[in-house]
Structure formats: C-alpha cells, structure tokens
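Hi,

Here is the structure I promised to pass on. Have a look at it first, and then read on for my notes on what turned up.

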Amino acid sequence: MRLSGRGVRCVRGGREVFSSLDFEAASGEAVAVTGPNGAGKTSLLRLIAGLLAPAGGSIDLEGGEAELTLPEQAHYLGHRDALKPALSVLENLSFWRDFLGSSGDAGQNLARVGLDHAMHLPAAFLSAGQRRRLSIARLLSVRRPVWLLDEPTSALDAAGQAMFAGVMREHLAAGGLIVAATHAPLGIEARELRMELRIGGAA
Amino acid sequence: MTALAALIRRDVRIALRVGGGALIGVLFFLTVVVLMPFAIGPDIPLLTRLGPAILWLGALLASLLTLDRLFMADHEDGSLDLIVMGRTPLELACAAKALAHWLAAGLPLVVATPVLGLLLNLDATATSAVALTLLVGTPALTFTGMIGAALAVTLHRGGLLLAVLVLPLSVPVLIFGVAASQAVIVGPTPFGTPFSILCAISLVSFVVGPFAAAASLKHGLD
C-alpha cells in the first residue's frame, strides 16, 4: 500500500498555505510532518482525510481496497476529540465502534489505553490526557490502514507516550501507515516531511 | 444498519440527558400556548377558532429553537469530521440525525398537544386532528430545517440566520397543517384534502432534506 501526493496545493481563506508539495508513505512507514505553526500541517492532514478540497494536485492511495475511497480507509485523530461529554467513556467508544463498522471488544481496548477504571465515568470529567487516550482507543477499536494523527502525543504523560508508541509500532508492523503532524518526537522511527512557513501574498 | 442505529441511539441519548435540551422545546411550546388565552381574553369561541393556529405556531417556533444544535454540536467537538469520513453514506447519516432529532424534540410536542388543547377549548375531535397534523407535519419541519442547519453549521451564533433560512421553507407546512385542523373544526373543506398535501410535503422533505444537507455539509467543511 502506498499513499502519495503529487503537486498538492492548498488555499485557505484566499491565502495559499503551500503549493507543489510532494509526499509519499508506504506500508509500515511513518511520516512525521514538522514545521512552524501555520505552515499547513493540519491542513495537509485534512486534505488527505478528504475534509478539505485540494486547490491543485492529487492524493492517491494505491493498493488499498478498490471500492473504498481514501477517507473511508483512514482514521483521523484531530485536535478535537469527537467525544460527547454527556456520554460515558464506554458509550463514547462503543458508538464510534458501531458507527465506523467494527465489532471488537470496547472494554479490552479501554484497558489497553489505561482507561478501564473510568469506563462508566461521563466523558465530561476526563482530563485532556485521558480524552486523548480515549481517542487512541477509537483507533484500536476499528481497523483502518491509514492513520492521520494531528499532535497525537500532546497532553499525554510519559507512560501514555510510551503506550502510544507501542500502539503505533504494532499498527506499522501490521502493514499500516501513519502520517502524523507533530512538534514533539513521536517515539518511533519516522521519515520527516518538513514544511516551511510561507508569509505571503494572496493566491 | 448498525451504524445508523448507533447514531440514532447516541443522539437520542444525548438529547435526553442533563443539558441535552430536548425538553426546552416542549417547555417553550407550553409557555407560548399557556400565555395565549391570557393575551386573547376570555372569548371561548374565538379561542377555539384560533386554537389550531396557536398550537401550530407554537410547535413551529419550538422546533426552530433546538434545530441549530442538530449539526453544530457535532461540528464543534469534531464528530462531524469523522461522520463525513465514515463508510456510511452522508445522506443516510443526515437522515438518521434528523430522525433522532425528531424523536427527541418533535415527538414530545405531539404528545403534549392533547393537554394544551384543553387550554384552548378544543374538543376531543379537534385536538386529535391537530395532534395528527402535527405528527405528520413536524417531521417535515425537522427535515427541511436540517438543510438550514447544515448551511449554518460553520457559523458561530448561526441560530438567527438559521431561522431566517428555514422559515420560508416551513410556510407550506404551516398553511396545510392549520388548514387541515381548521377543516375539522369549522369546515367547509374536507379534512382529507389539506392533510394529503401535508403528507406529500413531508414525503418530499424526507427525500430532499438529507441530500441537500449532505451536499452542503460536504462543501461547507473547512
């Protein structure tokens, strides 16, 4: 499986964020997207996730399932955790498992991210790090080959970062690929895609 | 199917929990209808004649009140991104969300109608006619309102804009809903004619609403 972008151009709010960007990631490979704030790291992930339309160029996934589009084969872990404060931890996870189409054991995945003690607690009471752990449990519950991670390790403690590095390693070993926007080291081997800040004119 | 059932279950559950806001609509409906007799005065025949219109206006405004949360809450916490990316067609997901919204916010209005009919001096036949028209008509309000909710999703404080966008679309529902109820109370047109048109409007909104909302969500995200 190979994810590739050719000459990708992104325009947001009438301003060009980046243009003619090429990138590539193969099965079992992690790409760390780095660069200063505002360089377009999140925009790139959202372009790959199909949540933004590219102003030019193309993004393709070769060797995936033919009937499914790239966004349908991807997990997106964004700044916002997609958690409902009124629902319990287990209810939140079970919903995403059912909606995204899987039948795994939610309790087991919560134990993996260290949240099994808080299973019936409403998500409103979780700390930022615990919310992140719950989002990681969603990645584990439903199998998707492409992981798009936006600052995945922010708010995680040292043990959490080690746990997440293990999770990512397993995903890569199973033939998945990861594109992560990050400022901190990911904790795994990753190819760096450096993005530069463009201060500039209108597109 | 399990994906849609999960979505409906989640939305209904959130709406019914503390702070979910499903009951705000019913409370508003109750307030509007209870205040009307005080404003109009003790003219009982007049109250009967205005009854269906008052109930329908109350229900329309109450359904507008909670409509802006339909997509806004999911947009704010990032759930909408994942729903758009998911393997479930967005049109079906939109329809499921609208159905859940109607179950939590529209159906209680229909259930409250018989009680409020008493306050407006409506007899059993008239009350059941209004309740029946509301049962058929409020889904149309939700499904057409969903289009406005999808358009206004990226705007903060889009509630007022939503009302302006949605009200013209709800005028036909209001006209035929009230007309059918009035037909039972004062005649002379038969109940069936406006009621069938109301049913037709609902059926059209079930088809158009999800497609229009899904299209506007796909293009509106950023």
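**Chain B: helices throughout**

Chain B has 9 helices and 0 strands. Read from the N terminus, its elements go α-α-α-α-α-α-α-α-α. Keep in mind as you read that this is a predicted model.

How compact is chain B for its 222 residues? Its radius of gyration is 18 Å, close to the 17 Å from the globule rule, so chain B is as compact as a globular protein of that length. Along the principal axes, its C-alpha atoms fill a box of roughly 55 × 35 × 30 Å. Of its 222 residues, 49% count as buried. As for contacts in chain B between residues at least 6 apart in sequence, 79% of them link residues at least 24 apart.

Chain A has 5 helices and 8 strands. Their order from the N terminus is β-β-β-α-β-β-α-α-α-β-α-β-β. The radius of gyration of chain A is 17 Å, close to the 17 Å that the globule rule gives for 203 residues, so this chain too is as compact as a globular protein of its length. The box filled by its C-alpha atoms is roughly 50 × 35 × 30 Å along the principal axes. In chain A, 41% of the 203 residues count as buried. For contacts in chain A with a separation of 6 or more, residues 24 or more positions apart account for 73%.

**The sheet and the helix on it**

Chain A has an open sheet of 3 strands, in the order S2-S1-S4, with antiparallel pairing. At the edges are S2 (15–26) and S4 (56–62) of chain A, each of which pairs on one side only. From one strand to the next, the twist averages 15°.

One place to look is A:Arg12, whose bridge partner in S2(A) is A:Arg15. Helix H1 (residues 41–48) of chain A packs on this sheet, where it touches S1, S2 and S4 of chain A. The direction of this helix makes about 120° with that of S1(A).

**Where the chains meet**

H2(A) deserves a visit of its own. This helix has 12 residues and spans 17 Å from its first C-alpha to its last, close to the expected 16 Å. Is H2(A) enclosed or exposed? Since 9 of its 12 residues are buried, H2(A) is largely enclosed by the rest of the structure. Among the buried ones are A:Val89, A:Leu93, A:Trp96 and A:Leu100. The buried residues of H2(A) pack against H3 (106–112) and H4 (128–141) of chain A, together with H1 (2–16) of chain B. Just after the helix comes A:Gly101, with a positive phi of about 85°.

A:Glu151 has 18 C-beta neighbours inside 10 Å, so it counts as partly exposed. The cut-off behind this is that a buried residue has 20 or more other C-beta atoms within 10 Å.

Over to you!

How values were computed: Residues numbered from 1 in each chain as written. Chains lettered and ligands numbered in written order. Predicted model: local features only at pLDDT ≥ 70, side-chain atom pairs only at ≥ 80, totals over all residues. Helix = DSSP H or I, 4+ residues; strand = E, 2+ residues; numbered from the N terminus. Rg over C-alpha atoms; globule rule 2.2 N^0.38 Å. Contact = placed C-beta atoms within 7 Å. Expected span 1.5 Å × (residues − 1). Pairing = 2+ DSSP bridges. Axes fitted to C-alpha atoms, helices over the stretch in contact; angles between N-to-C directions.
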